[in-house]
Each structure stands twice: as structure tokens, then as C-alpha cells.
Amino acid sequence: TDEERRALACFAKNIWEHGAPGSGVIVDGGCYVGASTVALAEGLRQSSLPERKRQGRIWSYDLFRTTPAMSEHYLKGSGLKPGDSFQPIFDKNISAYAGYIQLQAGDIRQAAIPTEPVAILFLDILWSWDCTNFVGRNFYPKLEPGRSLLIHQDFVYPFYPWVILSMGQLTGFFDFAYNVQHSSVVFDVARKVRERDVEDPRNIPLPAALQIYDRFINQLEGWGQGAVALGKALYLASLNRIEDARKLVDEIEVKFADQPLVTQYLNAIRGYCDRAVAEGKPVPLDQAVGI
């Protein structure tokens, strides 16, 4: 969104004057066709850092593999088929800032990781439990308390419970700062994270998981509350608690009837529940990405 691009540019421009490590890098995790990359790079270009110190400061990660949804909708008309690389589109879009970017194409779990501290960690790449665990254990420890920012693009997207639950496990390490309008949630870094502090969110007992959801729902406002509440319903459905999930979806539909950013997800989540009933068990959510 425009709001998100402005926010990313603002952070990349100003964080260096607010305590960010001088050698710190920006991680653009899930750059897609380059909107986040260009925003971060333009902010960096306007920053107080000398030009020579801007070179290679942004580490951009993406699998660059076209999915069916991309082919049918977002990249329609490009001629790209599922499985094709969309990297040429990214390369064209960021060409004016290419010197600022170290591109890491492929699975982030096999990619290089910066040795420097991370000043800004922007994440739009957590599409599974395993990826979330990997990023948490390898990138969160590079964030500096009081000097770095963690930004989750998919925090208010209902289909990724691992984002919500993993951050709930790290309460005390990160402080909820605010939700950029129509997009990301920003977290301040309160304490240094060690690799051993990052636990697998699949192991959270259900009562604790639901408490995490409720806590974040209360910290959000407006449509964000409804979207994360739908995430709670989908999480319940993924554990085969279908009736609990359906009841919650019905309640959310009534409460957020005038919020299209919430109601747009209702049919997909109800369809997930219906499929679980028809097949006798729910599809694991990291196999149903993009439903």
C-alpha cells in the first residue's frame, strides 16, 4: 500500500539518526517485484549516510517463483506460468537502486545471512512454520534492543498463525508499536533475542495460543482486530475444532459487517472448514497458503 511504502521509506531514511548500528543492514524479506525494496532504497538514498555507505546495505530475499495465484491475478498479462521466475520484473523495477541491494534469490533457508547487525527487519516471507522458525533463530538475534525495528507485513493476514503465535512467544523481547494503516505491524526491540529463545510455535498449548491471539486482537484497532480474529478462527479449524471456528466466524461477520477488509476472508475460511469436514481432517495451513 502507499501507506506502507511511505512508512518503509521513512524508517530507512531516519533510523540511522535514532541509534541504529552504523554498520547495520536492512533486510527486505520477501521483496516480490520490488515495491518494498524501492521504498526502502529511496529512504536510504535520502538518509544521512554517505553514498559509499549505502552500497549493498539492503539484503533482499525472495524465492522468485511464480505461484498459480500470481500467474492468474497479480502477474496476469506477463506471460509467466506457475513455477516461472519473476526475477526479471524485480530487476527492472529496482534498477535505479541496484547498487544498494544485495539480492538473495531462492529459499531463504539456504541463502546467505548478513554478519552485521540488522537495523530494519521487514518480513513478508513467513509462509510456513519452518520458515518462521528459521528466520526467528537466524535473524532475530541480529536485532539490537532500542536500535532496530521488526516489521511484519503479514501480521494482520489471517492465514499465517505462525506469525502471531511466534511473536506471542517472544513477549518481553518485542513491544507492539503500531499498525501501519492497511498493512504492516511494527515492533520495537526490547531485549536481545538469542537463538535458544525462539521456540517452535506448533508446540504452544491451545489455551496459551488463544490468549496470544486475544492479546494482539486487543492491541489492534478497527479492521485489524477482525482480520486477526478470523486468524484465530482459522487456527481453531486447523486443529479440527470446526464448530468453534464456525461460531467465531459467524460472530466476526456480524461485528465487522461494514469492514470489507475483514469480510473479504469469510468465504475462504468457511471453505477451509467445509473441506475439513468433507475430508475428515483439516489441511495443514502451510500446505493451504493462498486459500
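## Gly-222 and the loop between α8 and α9

In this predicted model, Gly-222 belongs to the loop that lies between α8 (206–219) and α9. With a relative accessible area of 35%, Gly-222 is partly exposed. In sequence, Gly-222 and Leu-261 are 39 residues apart, and their C-alpha atoms are 9.9 Å apart in space.

## Residues with positive phi

Two residues with a positive phi are described here, His-182 and Asn-240. His-182 is not a glycine, yet has a positive phi of about 65°. The position of His-182 is in the loop between β6 and β7. His-182 counts as partly exposed because its relative accessibility is 35%, a value between the limits of 20% for buried and 50% for exposed.

Asn-240 is not a glycine either, and its phi is positive at about 70°. This residue is found in the loop that separates α9 (223–238) from α10 (242–255). At 42% relative accessibility, Asn-240 counts as partly exposed.

## The seven-stranded sheet

Seven strands form an open sheet with mixed pairing, in the order β3-β2-β1-β4-β5-β7-β6. The edges are taken by β3 (101–105) and β6 (174–179); each has a single partner strand, so one side of each is left without a neighbour in the sheet. On average, and with direction ignored, neighbouring strands of this sheet are turned by 20° against each other.

Helix α1 (residues 2–14) packs on the sheet and touches β1, β4 (118–123), β5 (149–152), β6 and β7 (185–189). The direction of α1 makes about 165° with that of β4.

Strand β1 (residues 25–29) pairs with strand β2 (residues 58–62) in the parallel sense, over four bridges. Within this pair, Ile-58 of β2 is the bridge partner of Ile-26, and Ser-60 in β2 stands opposite Asp-28. The pairing of β1 with β4 is also parallel and runs over five bridges. Here Val-27 stands opposite Leu-121 in β4. The parallel pairing of β4 and β5 has four bridges, and Ile-120 stands opposite Leu-149 in β5.

How many residues of β1 are buried? Five of its five residues are buried, and the strand is mostly covered. In a regular strand, side chains alternate between the two faces of the sheet. On one side of β1 are Val-25, Val-27 and Gly-29, on the other Ile-26 and Asp-28, and both faces are covered. In β5, Leu-149 and Ile-151 point one way and Leu-150 and His-152 the other way, and all are buried.

Helix α2 is largely enclosed by the rest of the structure, because eight of its 11 residues are buried. The buried residues are Ser-36, Thr-37, Ala-39, Leu-40, Ala-41, Glu-42, Gly-43 and Leu-44.

## The largest pocket

Rolling a probe the size of a water molecule over the atoms shows where empty space is left. The largest pocket has a volume of about 1,800 Å³. Its lining comprises 49 residues, and those nearest its centre are Met-70, Asp-124, Trp-127, Asp-154 and Tyr-160. By residue class, the lining divides into 26 nonpolar, 14 polar and nine charged residues.

Helices α1, α2 (35–45) and α4 (68–74) each supply at least two residues of this lining. Which element gives the most to the lining of the largest pocket? That element is α4, with four residues.

## The second largest pocket

The second largest pocket holds about 170 Å³ of space. Its lining consists of Cys-10, Phe-11, Asn-14, Ile-15, His-18, Gly-146, Arg-147, Ser-148, Leu-149, Asp-188 and Val-189. Two or more of these residues come from each of α1 and β7, and α1 gives the most, with three residues. The lining divides into five nonpolar, four polar and two charged residues.

Terms used: Residues numbered from 1 in each chain as written. Predicted model: local features only at pLDDT ≥ 70, side-chain atom pairs only at ≥ 80, totals over all residues. Heavy atoms only, no water. Pairing = 2+ DSSP bridges. Axes fitted to C-alpha atoms, helices over the stretch in contact; angles between N-to-C directions. Contact = heavy atoms within 4.5 Å. 1 Å grid on protein atoms, 1.4 Å probe; cavity = no way out; pocket = protein on both sides within 12 Å on 5 of 7 lines; lining within 4 Å. Points joined across faces, edges and corners; volume = space filled by probe spheres on them. Nonpolar A, V, L, I, M, F, W, Y, C, P; charged D, E, K, R; others polar. Buried < 20%, exposed > 50% of the residue type's maximum accessible area, 1.4 Å probe, protein only.
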